[in-house]
Amino acid sequence: MTAVSDRQKLAYVNSQAADGRVNLEFETEEGMTLNLGPQHPATHGTLRIVVKLDGEQVLSCEPVMGYMHRGYEKLTEVRTYPQVTTLINRIDWLGSFANEVPFILAAEKLMEIEAPPRAQWIRTILFELSRIANISLFVGDMALHIGAMTAAFYAFRDREFVLNQIESATGGRFHPNFNRIGGLKDDLPKGWVADTKASLERIRDFCDEMEILVEGNEIFQARTRGIGVIPSEIALQFGLSGANLRASGVDWDLRRDQPVGLVWDKVDWKVITHPDGDSFARFWVRLQEIRESCNIVEQLLDGLPAGPYMAKVPRVIKVPEGEAWVATENPLGEMGYYLVSQGGLGPFRVKIRTASFNNVSVVPWVCRGVYVPDVVTILASLYFILGDIDR
Amino acid sequence: MDAVATDAEREQIVADLRDRLGDALVGFHIRPGDDLWVRVTRDVWQEAGMIARDHLGFRAFEFVSAIDWLPSPFGKGEDSSLDPIPQVAGDIVTGYAGGDTRFQVFARAHSLSQHMGITLKVDLPDDDLSVATWIPVFAGANWHEREAREMFGITFVGHPHPVNIYLPGQFEGHPLRKDFPLLSRHVKPWPGIVDIEPLPGGSSEPSSEEGEA
Amino acid sequence: MTDSVVLGLELAYWQQSILRVIGVLVAVLLPAGTFVYVFLFKMVSFMQSRLGPMEAGPFGSLQLLAEVGKWLQKEDITPERADRVLFKMAPYLVVGTVLLTYMVVPFGPDLHLAKFDTGIFFALAVSSISSLGVLLAGWASANKYSLIGGLRAAGQLIAYELPMILAVVGVVIQAGTMNMSGIVAAQAGGSIFGVDIIGNPFFITQFVGFVVFMIAVQAELGQTPFDMPIAESELVTGYLTEYSGIRFLLFFIGEFAAAGAFSAIAATLFLGGWAVPSAWVELDNNIFNLLGPIILLTKMMLIGGFIFFIRFTYPRFREDQLQRLAWTVLIPISLANILVTTVLKVAF
């Protein structure tokens, strides 16, 4: 690499001049600095990862965010509670419905309102459907990053069936904005339950297909097993959550362990864990969680109670003074809202704790000494959405 | 499975913390059946984290952030940009577990075994916005502290890489402070709080902020 | 070396040269275009549950022309700090070597562009030059992604040239000649343990060699699971990152023409080339100068279909895994294959 070092230095100086916004310490004397991103196929969004290489081996790795920072925490302070859900739909844009739920629950907790049972059940169903839609895309996406393009098309194809169900219930494929404080905007449309069951069958077939096409593939296993091992203690230290934590062998699922007012405890399902903590484990756990979500949705659909879908709420939503923390097990991991109210029409401060921010913060730790392709594997297996990091 | 922690357990946590920290624990709050807040002094901020992690079982990290308790001098920005900016008067009202100063840093961790979380708070005096870093406690605090640093202007003593995480390098000001105006709101006024406009014939609760109707 | 009679016509040397050039261009572009349409556009689309191009021509069959037209119109950009000469030269080097590879493939009893006694040796030697073109492209682009892609390609070349040649050695031992026409004749007229109804296609008697050869071809072509030089998800597009317009088109043609060339070589070495078993018909018939290319193209499509089926099914290896596969698995296997072939050849 020494032969290109002059060119590297030039490129470095130029990049500094053009892009003085980030003051990272580059040491170009040894190794070579490679910018993965901000526009790069593997970062699905505008994440930039500055990788220092010795040959193809990674010496150090530093994610640089902020290209998509939208300042939602500031914006929430000038909006009313019903308006905030529009914003937070855009955080994890692949699982938008699930984003709304913890915020609404936090507001309901402070107002001491409880949504009627039917609303809770529908919330849980849609929550799990957005998890299925989100994670089935992950399955294809991870295969794509490892080089198998076909699986990605299957994922996009079969995700459609779930998105259609979300759309027919909420009116929005990506940003439903369907939750209201005290319940939901609307009831389910006619025939929705049967259609959803049919789409779940498609998703189960998809899982079988992916197990054969991707998970059982020797090359896929060679690329993912033992790559990016995160021990459980490190995972907890960095605040990893969701499937990333469970893939490290920590048996922790907020759906089971921290009931927040949704009805996961009414159905029979199990928490998936894997002891290895490597990229394969993260893939495997997520794939199995799609199946579990299908089971959850199916049971919930069978037991859907009748009744109102909206509680009695005042016309003007004013949340009493107080602080509340509600976190739910979102598709990407634990998403929590620390809501501070001072009795006004809008929140005083909202701290949005997103899963991807914590999940990606482990990247510098885990990407030392691996090869360039492994960086892509690890990033794909940690599964982040840029909006979820940058908020 | 006992999924819900009881308030007795929370009180036990507070008692344990008080044993170890003594007077450095300056306040606490328990929301019945829900959650626990503890406020400590600035000197024991890191130590409190260590105790919570090592002795009380709060091994899983959630976040570190900060809050500015100053009432917003700009209202909620619904007013026309032609009007003078309303100076909303008011005293600082702090939240659970109390508080003496404008800025508070708060952090959260949870316990896998006891199924409960804890929110630790610390007051920062206005003339010295600095506090010890939590990176030795939880390595994941690194990025959270970088965010709090740029958003509130708080120095985390001992942070190895205190640079901006979201904002451009030359950005001036600290956006999440209440006295940092949301300029877009002043350039282009928000068209009002549409959610509470009165229905025809309905007797909706009038709001002081309801501008043009 | 070469016959002066082509298709029964007496031709001067310059006339032969023109014929050769036209012949090579047709032989390169026709299968390359067919491969792109049949495999890259259509087969893959059906594998991925989509339709592929449907608008340009019946079933999108003219899509390729549209794509070529698009690329020709695009600006041909050379990066500012690129090594301009090498950067511009690289695509021609890649395409040129593919043209040379086709020179020695026989299409019929008298239908060959050049007839060497060391034909297969020539083809393998020439085909490896294209990786030099790739290395040049990677180096000259002044782009780190390109550089890594180019270096990976070079590593791949060294690793997979060896098993490929060793796999071919088994065929050469069995056929007793390096002349590609001779290899075709040996398969058409051969017999397996005295049974000559299907001749002796070497993919049966040299099955191990065939498998090793196909894996090495996949790597030599840079197709998934060995597409690290391009590796879209890691290196953007590797050595192609900085290319646009006609130079990108040349690389594209080179990629698929090389796929065609290696399919032709594999079909000739292992599937009997242009011939059918001589137990069926008399092969020394002039009609085979017309049927031969069609038979060969059919066999090439089989091989090509296999290559692209693998490409769009499998994920990608990592560079070190690729090296390990070549040096610890493929080379020992092909050496053992040579040993066994030699022993059997002497024994029978």
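This is a predicted model: local features need pLDDT of at least 70, side-chain atom pairs count only at pLDDT 80 or more; totals for chains, interfaces and linings use all residues.
Is Asp35(B) buried or exposed? At 2% relative accessibility, Asp35(B) counts as buried, because the cut-off for buried is under 20%.

## Salt bridges inside chain B

Asp35(B) has a partner. Its salt bridge is with Arg108(B), and the closest N and O atoms are 3.0 Å apart. Asp35(B) sits in strand β2 (residues 35–40) and Arg108(B) in strand β4 (residues 103–111), so the pair ties together parts of chain B that are 73 residues apart in sequence. Arg108(B) is also buried, at 2% relative accessibility.

Another pair in chain B is Arg102(B) with Asp68(B), where the closest N and O atoms are 2.8 Å apart.

## Salt bridges inside chain A

In chain A, the side chains of Lys270(A) and Glu292(A) form a salt bridge (3.5 Å, N to O). Lys270(A) lies in the loop between α11 (254–257) and α12 (279–302), and Glu292(A) lies in helix α12, so the pair ties together parts that are 22 residues apart in sequence. Which partner is exposed? Lys270(A) counts as exposed, at 53% relative accessibility. Glu292(A) counts as buried, at 9%.

Chain A also holds a network of salt bridges. It links Glu128(A), Arg131(A), Arg246(A), Asp253(A), Arg255(A), Glu289(A) and Glu329(A). Over all chains, the search of the whole structure finds 42 salt bridges.

## Where the chains meet

Two pairs of chains are in contact, and chains A and B share the most contacts. Chain B and chain C do not touch. Their nearest C-alpha atoms are 24 Å apart.

The size of an interface is often given as the accessible area lost when the parts come together. The table gives that area and other values for each interface.

| Interface | Residues in contact | Buried area | Carbon and sulfur share | Salt bridges | Polar contacts |
|---|---|---|---|---|---|
| B and A | 70 residues of B, 56 residues of A | about 5,400 Å² | 55% | seven salt bridges | 22 residue pairs |
| A and C | 41 residues of A, 30 residues of C | about 3,000 Å² | 60% | one salt bridge | 10 residue pairs |

### Chains B and A

One salt bridge here joins Lys121(B) to Glu323(A), with the closest N and O atoms 2.8 Å apart. On the side of chain B that touches chain A, the elements giving two or more residues are β2, β3, β4, β5 (116–124) and α3 (141–152). Which element gives the most? β3(B) does, with nine residues. By class, this side of chain B has 37 nonpolar, 14 polar and 19 charged residues.

### Chains A and C

On the side of chain A that touches chain C, the elements giving two or more residues are α1 (5–18), β1 (32–36), α5 (117–146), α6 (149–170), α8 (218–224) and α15 (372–382). The residues of this side divide into 26 nonpolar, 10 polar and five charged.

Conventions: Residues are numbered from 1 along each chain as its sequence is written. Chains are lettered from A and ligands numbered from 1 in the order in which they are written. Side-chain values use heavy atoms; hydrogens and water are left out. Contact means heavy atoms within 4.5 Å. Buried area is the accessible area (1.4 Å probe) that two parts lose on being put together, summed over both. A salt bridge is a side-chain nitrogen of Lys or Arg within 4 Å of a carboxyl oxygen of Asp or Glu. A polar contact is a pair of N or O atoms within 3.5 Å; within protein, one must be able to donate a hydrogen and the other to accept it, and residues adjacent in sequence count only if both atoms are side-chain atoms. Helices (H or I, at least four residues) and strands (E, at least two) are DSSP runs, numbered from the N terminus. Ala, Val, Leu, Ile, Met, Phe, Trp, Tyr, Cys and Pro count as nonpolar, Asp, Glu, Lys and Arg as charged, and the others, Gly among them, as polar. Buried means under 20% relative accessible area, exposed over 50%, partly exposed in between (1.4 Å probe, protein chains only).
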